[in-house]
Amino acid sequence: MSAIDIETVKKVARLSRIRVTDEEAEKLAPELNGILTWVEQLGEVDTDNVEPLPSSAEITLPQRTDLQTDGDCQDDILANAPETLEGFYVVPKVVE
Amino acid sequence: MAYTIQGETGAWELVIGMEVHAQIIANSKLFSGSSAKFGAEQNHNVSLVDAAMPGMLPVLNEHCVEQAVRTGLGLNAKINNYSVFERKNYFYADLPQGYQISQFAHPIVGEGIIEIDLDDGEVKKIGITRLHMEQDAGKSMHDQHPTKSFVDLNRSGCALMEIVSEPDIRSPEEATAYLSKLRMIVRYLGTCDGNMEEGSMRADVNISVRKPGDEYGTRCEIKNVNSLRAVHQCIEYEARRQIELIEDGGTVDQETRLWDPNKMETRPLRSKEEAHDYRYFPDPDLLPLEVANDWIEDIRKTLPELPDDIKHRFVDEYGLSHYDASVLIAEKDRVEYFETAAKDRDAKLTANWLLNELLGALNKAGLTLTESPVKAQQLGELVSLIEDKTISGKIAKDVFADMMETGKNPADIVEEKGLKQVTDTGAIEALIDEVIAENPDNVAAYKGGKDKLFGFFVGQVMKKSQGKANPAAVNEILKEKLNG
């Protein structure tokens, strides 16, 4: 695992839309490295010939039948929106 | 002949792959119980799950899985017993979760193959790389306000199949043929309505150019290609753009571009700084999806006869040309109509009447095949009347025009109007004698070597019979009389 440098911290922050100053990034880099080193200890376990375990519970993916059972609650879903108009969410213009 | 574009430095070959998003026909969304119907009022088909409220959990729609498997079988593809939903992370105003639930490393459907039919009757096989299920995003409107965008989440969370082709496509024509065939297959299967105007089928086109025999060039992905016409136009434009760029000494950057149907051009969509970095990882809210072979086989048993199978059957059983067969399979209704009309009759003749006369007449009248005043059985009867020589092909056109107008049975029209073909040689002989007697000058000229006058005599006889004389008999007897 390559060490996390300040540039990587800034890139991850940008992708996550979190504003991080240079000073913060400098502080975060060693912290993130610490977390990764800690997780890397798992690599010490011998997992040859062991099937991946997707879940610790002995259950399969639950599925539902194809019925309309939800929705039609425009007021609820818009209730927390900072701005709405005629049933639309209104956001700052985002044109690519 | 392989399709190429001529540049300043010689011929260039196109390499094209397509990613088609097809909305799955279902009552509800992929992971929630809100309606998946098109055209509801804004933000009505939205649940707390679709709006990504904290704590909401996705529950997979079983029918959507069945539809995806069904489509995979229709694409002659391998169905994977084990597949995994992953999160594709990106920020956009119409994606409330901040990620799209998709499949990445383990899609539900693997490699398959379909046939495409080209205009010259040629058939080409195009490989399918994979098919996976994913959520659709919502819809943003940017043209309602100078500084704001409006967001409608009705489409958010609807189930999509993304169908990815191998880079086997080599021309704009092949690309549209591929999309048409894909559309045909999902419509036959009932897994997607194929409606490109409503956006239930959308295509992204990957294009690169190369000198014939070279390695693949750098490709660009063109988005927003939402009609067969747009597919054709954007490929022609983009290929030329890349060729000019390379020939001017530049290089093609791998990037996503947007097709603008108004300006008829492609342009870069995302700035390079924001290069794709989707950070896929398995969705912790969803266990891997396992489908049993028994279930897959149960679905296979319910598949309808698919367009390519029907096409081969029409060629083998009925002796139709590949081209006619490929036009007939374009719509399921057309296949049913043809099979009813052609039953126990000359199938080629029936196909000709259906494709050349009926479809043209319906098109002119603005009617669909199901609205046709001439029913399949009636068109078949008309063909029978031609086959047993009751009427000639020429008279049949008049009868057909009458049928289109009145919806009457052809036999009744022939009876009422006295259109039965005269095959009685005695009667035809009498007509010919009359014509010969009336035109002594022309007879002399013909005998003197003006062979072309033969047509004049045939015309005169047909006119006298009001078109009812059997043309073959007229030809034969006339030849005997004039040459004898």
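**Where chain A meets chain B**

In this predicted model, B:Lys148 and A:Glu83 form a salt bridge, with their closest N and O atoms 3.1 Å apart. The count of salt bridges between chain A and chain B is 2. Here is a quick tour of the interface these chains share.

**Extent of the interface**
- The contact involves 37 residues of chain A and 47 residues of chain B.
- About 3,900 Å² of area is buried between chain A and chain B, and carbon and sulfur atoms give 57% of that area.
- On the chain A side, the residues that lose the most area to chain B are A:Leu61, A:Arg64 and A:Asp66, which together make up 19% of what that side buries.

**Polar contacts and the chain A side**
- Between chain A and chain B, 25 residue pairs are in polar contact, with both residues at pLDDT 80 or more.
- Four elements of chain A, namely α1 (6–15), β1 (63–64), α3 (74–78) and β3 (88–92), each supply at least two residues of the side that touches chain B.
- With 5 residues, β3(A) gives the most to that side.
- Sorted by class, the side of chain A touching chain B has 17 nonpolar, 10 polar and 10 charged residues.

**Strand pairing across the chains**
- β1(A) pairs with strand β3 of chain B (residues 60–61) in the parallel sense, over 2 bridges.
- A:Arg64 has B:Asn61, in β3(B), as its bridge partner.

Methods: Residues are numbered from 1 along each chain as its sequence is written. Chains are lettered from A and ligands numbered from 1 in the order in which they are written. This is a predicted model: local features need pLDDT of at least 70, side-chain atom pairs count only at pLDDT 80 or more; totals for chains, interfaces and linings use all residues. Side-chain values use heavy atoms; hydrogens and water are left out. Contact means heavy atoms within 4.5 Å. Buried area is the accessible area (1.4 Å probe) that two parts lose on being put together, summed over both. A salt bridge is a side-chain nitrogen of Lys or Arg within 4 Å of a carboxyl oxygen of Asp or Glu. A polar contact is a pair of N or O atoms within 3.5 Å; within protein, one must be able to donate a hydrogen and the other to accept it, and residues adjacent in sequence count only if both atoms are side-chain atoms. Ala, Val, Leu, Ile, Met, Phe, Trp, Tyr, Cys and Pro count as nonpolar, Asp, Glu, Lys and Arg as charged, and the others, Gly among them, as polar. Two strands pair if DSSP finds at least two bridges between them.
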